[in-house]
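Please look over the sequence and the model below, and then follow the paragraphs that come after them.

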Amino acid sequence: QVQVVESGGGLVQAGGSLRLSCAASGSIFWLNDMGWYRQVPGKQRELVAGISRGGSTNYGDSVKGRFTVSRDNAQKTVYLQMNSLKPEDTAVYYCNVKYRGSNWSEYDAWGQGTQVTVSS
């Protein structure tokens, strides 16, 4: 059993900043990619930012230059620093963790989501 818990969401004014955190725990034998996605009602979930075990990053076009993803492998934690927030960043943000179990099979786990609301 693997648990993924996000924290750090909330309400912020446009131009402000928030930092999201996501901690994974449980039966993780090998931690691979970690990332953040977001979703608004009526739309598909979209990639915000991803980071490999080695630290390579990729970002959605709409957040490049404003958001920064980082991770701490020892703590099994991934962070998302969000600066210059815009009302269109309002969404539920989900953490995704890809890992291998003790049988070396690959698995995918999601957090419950954290709401980010940016007021204009």
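A residue is called buried under 20% relative accessible area, exposed over 50%, and partly exposed in between. Because its relative accessibility is 37%, Trp 110 counts as partly exposed. The model discussed here is a predicted one.

Since Trp 30 belongs to strand 4 and Trp 104 to the loop between strand 9 (91-100) and strand 10 (106-110), the pair ties together parts that are 74 residues apart in sequence. Another pair, Tyr 37 with Trp 110, is edge-to-face, at 5.1 Å centre to centre and 65° between the planes; Tyr 37 lies in strand 4 and Trp 110 in strand 10, so parts 73 residues apart in sequence are tied together here.

Trp 30 is partly exposed at 35% relative accessibility, and Trp 104 is partly exposed at 42%.

Charged groups meet aromatic rings as well: the charged end of Arg 19 sits over the ring of Tyr 79, 4.1 Å from its centre, while that of Arg 45 sits over the ring of Tyr 94, 3.7 Å from its centre. Arg 19 is also among the residues in contact with Gly 8, together with Leu 18 and Leu 20, when neighbours of Gly 8 within four places in sequence are left aside. Gly 8 itself lies in the loop between strand 1 (2-7) and strand 2 (10-13).

Key
Residues numbered from 1 in each chain as written. Predicted model: local features only at pLDDT ≥ 70, side-chain atom pairs only at ≥ 80, totals over all residues. Heavy atoms only, no water. Helix = DSSP H or I, 4+ residues; strand = E, 2+ residues; numbered from the N terminus. Contact = heavy atoms within 4.5 Å. Buried < 20%, exposed > 50% of the residue type's maximum accessible area, 1.4 Å probe, protein only. Phe/Tyr/Trp six-rings, centres within 6.5 Å; stacked < 30°, edge-to-face > 60°. Lys NZ or Arg CZ within 6 Å of the ring centre and 35° of its normal.
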